[in-house]
Amino acid sequence: MNFAVVNLGCKVNRVESDDAAARLALRGVETSEASADLIVVNTCTVTGEAEKKTRKAVRRALRANDHARVLVTGCAAAIDAAFYEALDERVSVVGKAQLAQAIDALFDEAPFSPGEDAPLHIGSGFRTRVGVKVQDGCDNACTYCIVHVARGRATSRPADDVVRECASYARAGAREIVLTGINLGSYCDGGRRDPSAIRLAALLRRLLDETADLHAPGEAPARFRVSSIEPRDVDDALIDLLASADGRVCRHLHLPLQAGSSKVLREMARPYDAERFVALVERLYRRIPQLALSTDIIAGFPGETDAEFQETLDVARACRFAKIHAFPYSPRIGTPAAERADQVPPAVKEARAAMLRALGDELRASERARRAGTVELALVEEGGVAMTESYFEVPAPAGAAPGALVEVTL
């Protein structure tokens with residue numbers, strides 16, 4: 001069976017799509033949508049704009065040929081399954097938890113067992129940085145976001161399962177493993193009030209121990225990267241680990257700010273204010289001088305004034321972000337923010353997003369210059385580039401094989 005996998009959205013979606021592709025590759029060949037017998041579309045609905053892109057992607061899959069079966073999964077499908085099912089009789093909406101079973105059912109094979117190890121997504125056709133999902137769902141309810149509705153309550157994979165999967169990747173040659181989750185910092189294997197529960201830092205320590213010797217002679221051991229973490233979840237244990245792991249847990253965090261105005265943060269229902277965020281960043285830099293920080297910032301949240309936006313620019317500059325993902329606020333129907341009457345005009349939102357992107361470019365150049373002459377381990381990727389620990393793309397050394405960890409001078 002020829003198949004195609006279309007991914008939209010976040011890093012968690014990317015991992016889920018890679019898992020589906022690895023499972024399908026056991027029985028078929030990945031091709032273009034035009035020649036596929038099966039097209040899997042993993043959808044996103046985090047913003048109104050993401051929802052539009054998702055609907056276009058499903059329609060495009062249906063137009064790609066007249067016979068392909070289309071499995072639609074992901075957050076948008078969870079929110080509005082009826083819309084996608086009504087598009088065409090070839091469409092089947094499948095929940096994320098049921099996707100593996102649905103794929104197996106196409107081949108009349110034994111049902112998928114939840115305890116079964118999934119096929120590894122590594123090697124040709126997959127990214128050199130391997131993603132492993134360890135957590136799903138979210139117990140927060142930011143007023144601009146509907147993902148907590150689509151994904152449900154926060155859940156965590158058993159630590160033993162995570163360790164087993166990551167060890168398999170390390171044995172297979174993966175040199176960087178990215179832990180992902182919808183709210184990764186909430187990871188907890190055990191009762192929330194149980195002092196013996198395994199939280200994110202403890203999970204990472206186990207991963208470091210279990211993979212320390214799973215590499216060929218002369219190679220660096222696998223390193224781990226935290227994909228994204230909320231400010232409230234950066235605790236002492238994680239800071240201590242980042243400071244002491246000598247780069248095996250990348251000294252880079254993606255720490256979403258969303259806004260630098262405490263008033264806007266309250267209206268977003270974010271569980272911190274600007275002062276607390278800046279204090280956390282300063283503490284991180286004191287403990288981990290090599291740390292690089294990236295962030296997400298929303299421009300033009302409803303009611304945001306010019307003065308409040310200036311506060312965001314000031315906070316971003318104070319935090320010395322190495323990379324800023326800036327995007328204009330996009331109303332998502334079904335969220336409290338979308339119902340507000342004080343929406344910021346589109347032209348203003350776009351202008352503010354452009355200002356954030358310009359500041360991001362300036363800060364990134366400054367951080368790159370600050371690191372000039374320093375040596376970091378970088379993961380060699382396809383196309384002659386490598387990604388440093390601090391998340392800067394550099395030319396790969398001549399002759400370095402994709403997937404290798406090599407020293408580079410910035």
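1. In this predicted model, R320 adopts a positive phi of about 55 degrees. This residue comes just after helix α12.

2. Helix α12 itself comprises 14 residues, spanning 306–319. From its first C-alpha to its last, α12 reaches 20 Å, which is close to the 20 Å expected at 1.5 Å a residue.

3. The buried residues of α12 are E308, F309, T312, L313, V315, A316 and C319. They lie on the same side of α12 because the arc they cover around the axis is only 165 degrees. D306 and A307, on the other side of α12, are exposed.

4. Several elements cover the buried residues of α12, including the helices α10 (262–268), α11 (274–287) and α13 (346–370). The strands β14 (292–299) and β15 (323–328) are also among what covers these residues.

5. A separate matter is the largest pocket, which holds about 1,500 Å³ of space. Its lining consists of 50 residues, and those nearest the centre of the pocket are C10, V46, Q258, D296 and F327.

6. Which elements each supply at least two residues of the lining of the largest pocket? They are α1 (11–25), α2 (48–64), α6 (147–151), β13 (252–254), β14 and β15. Helix α2 gives the most, with five residues.

7. As to composition, the lining of the largest pocket has 24 nonpolar, 18 polar and eight charged residues.

Notes:
Residues are numbered from 1 along each chain as its sequence is written. This is a predicted model: local features need pLDDT of at least 70, side-chain atom pairs count only at pLDDT 80 or more; totals for chains, interfaces and linings use all residues. Side-chain values use heavy atoms; hydrogens and water are left out. Helices (H or I, at least four residues) and strands (E, at least two) are DSSP runs, numbered from the N terminus. The expected span of a helix is 1.5 Å times one less than its number of residues. Buried means under 20% relative accessible area, exposed over 50%, partly exposed in between (1.4 Å probe, protein chains only). The arc is that of the directions from the helix axis to the C-beta atoms. Contact means heavy atoms within 4.5 Å. On a 1 Å grid over the protein atoms alone, a cavity is a set of points where a 1.4 Å probe fits but cannot get out, and a pocket is an open set with protein on both sides within 12 Å along at least five of seven lines; lining residues have an atom within 4 Å of a point. Grid points are joined across faces, edges and corners, and a volume is the space filled by probe spheres set on the points. Ala, Val, Leu, Ile, Met, Phe, Trp, Tyr, Cys and Pro count as nonpolar, Asp, Glu, Lys and Arg as charged, and the others, Gly among them, as polar.
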